[in-house]
Amino acid sequence: MSKPIKELVRKEVARRFEGVTSAAVVDVTGIDAVSMNQLRGKLAAKSVKVMIVKNALAKQVFKTAGQQAMADILEGPCALAYATDGGKTSVVSVVRELLEIAKTTKALKVKGAVLEGDAFGTPAAVEALSKFPTRDEALGKVVGAMLGAGGKLVAAILSGGTKLAGILKTIEEKAPAEAPAAEAAPAAEAVPAAADEAPATEAPATEA
């Protein structure tokens, strides 16, 4: 392949992988054309694309883009499976789908994956990655926790409000009974006050 052709291919590969920071690496050796087309169709329905790459060329593209982990994980015959929906589909979902397909397509091997610069380069690591929560699952857990805490807070407020209402009701029931007694006391005290204030009767003066 001449240098101009290689440069055109390199630019095309760079264009296709532009913005790709997470992907799964699979070995499709031994998969016939029919099975490969079926694999591509299943993954396309999940907004996932599979691209067979030449390691040397792909490594160069990823190194130039600063994606060293993506370059390092490309070893032996491999293809890259990556989401094409602008980041809505996590590589966790991609790995889960690939592992599920591999149960019936025995020739398919998931060799590794990269999640935002972190490499998972062994089958055990890939299996562990598949257990990670996706972004939507993580958000669901956070929202669930917040709603749970909010429910407890509301229950506590309502419980406190019930107790407060009971106290207010008790005060209201006692208030009418105590009010007349409180009003009678000043009236009783007013009688002696009136007697004390009555003017004394003076005896008529006697003429000398």
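Two strands are said to pair if DSSP finds at least two bridges between them. The legends below apply this term to a predicted model.

**Figure 1. Strand 4 and its pairing with strand 1.** Strand 4 spans residues 109-115. Because five of its seven residues are buried, strand 4 is largely enclosed by the rest of the structure. Strand 1, formed by residues 23-27, pairs with strand 4 in the antiparallel sense over five bridges. Two of the positions may be located by name: Ala 24 stands opposite Ala 113 of strand 4, and Ala 23 stands opposite Val 114 of strand 4.

Figure 2. Strand 5 comprises residues 118-120. Strand 4 and strand 5 pair in the antiparallel sense over three bridges. Val 114, which stands opposite Ala 23, has Ala 119 as its bridge partner in strand 5. The two strands of the hairpin have two residues between them. In this turn, Glu 116 has a positive phi of about 50°.

**Figure 3. Gly 117 in the loop between strand 4 and strand 5.** Gly 117 is found in the loop that lies between these two strands. The relative accessibility of Gly 117 is 37%, so this residue counts as partly exposed. Leaving aside residues up to four places away in sequence, Gly 117 touches Thr 21 and Ala 69. Gly 117 and Thr 21 are 96 residues apart in sequence, whereas their C-alpha atoms are 6.6 Å apart in space.

**Figure 4. Helix 2 and its buried side.** Helix 2 consists of 12 residues, numbered 33-44. From its first C-alpha to its last, helix 2 reaches 16 Å, close to the 16 Å expected at 1.5 Å a residue. Its buried residues are Met 36, Leu 39 and Leu 43. These residues cover an arc of only 60° around the axis, and therefore they lie on the same side of helix 2. The buried residues of helix 2 pack against strand 2 (48-52) and helix 5 (91-102). On the face turned away from the buried side, helix 2 carries the exposed residues Val 34 and Asn 37.

**Figure 5. The N-terminal end of helix 2.** Asp 32 caps helix 2 at its N-terminal end. A side-chain oxygen of Asp 32 lies 3.1 Å from the backbone nitrogen of Val 34. Val 34 is also one of the exposed residues on the face of helix 2 turned away from its buried side.

Figure 6. Lys 59 lies in helix 3, which covers residues 55-64. Lys 59 counts as buried because its relative accessibility is 19%, and the term applies to values under 20%. Apart from residues up to four places away in sequence, Lys 59 touches Ala 71, Asp 72, Leu 74 and Glu 75. With Glu 75, the contact is also polar: the side chains of Lys 59 and Glu 75 make a polar contact at 3.4 Å.

Conventions
Residues are numbered from 1 along each chain as its sequence is written. This is a predicted model: local features need pLDDT of at least 70, side-chain atom pairs count only at pLDDT 80 or more; totals for chains, interfaces and linings use all residues. Side-chain values use heavy atoms; hydrogens and water are left out. Helices (H or I, at least four residues) and strands (E, at least two) are DSSP runs, numbered from the N terminus. Buried means under 20% relative accessible area, exposed over 50%, partly exposed in between (1.4 Å probe, protein chains only). A polar contact is a pair of N or O atoms within 3.5 Å; within protein, one must be able to donate a hydrogen and the other to accept it, and residues adjacent in sequence count only if both atoms are side-chain atoms. Contact means heavy atoms within 4.5 Å. The expected span of a helix is 1.5 Å times one less than its number of residues. The arc is that of the directions from the helix axis to the C-beta atoms.
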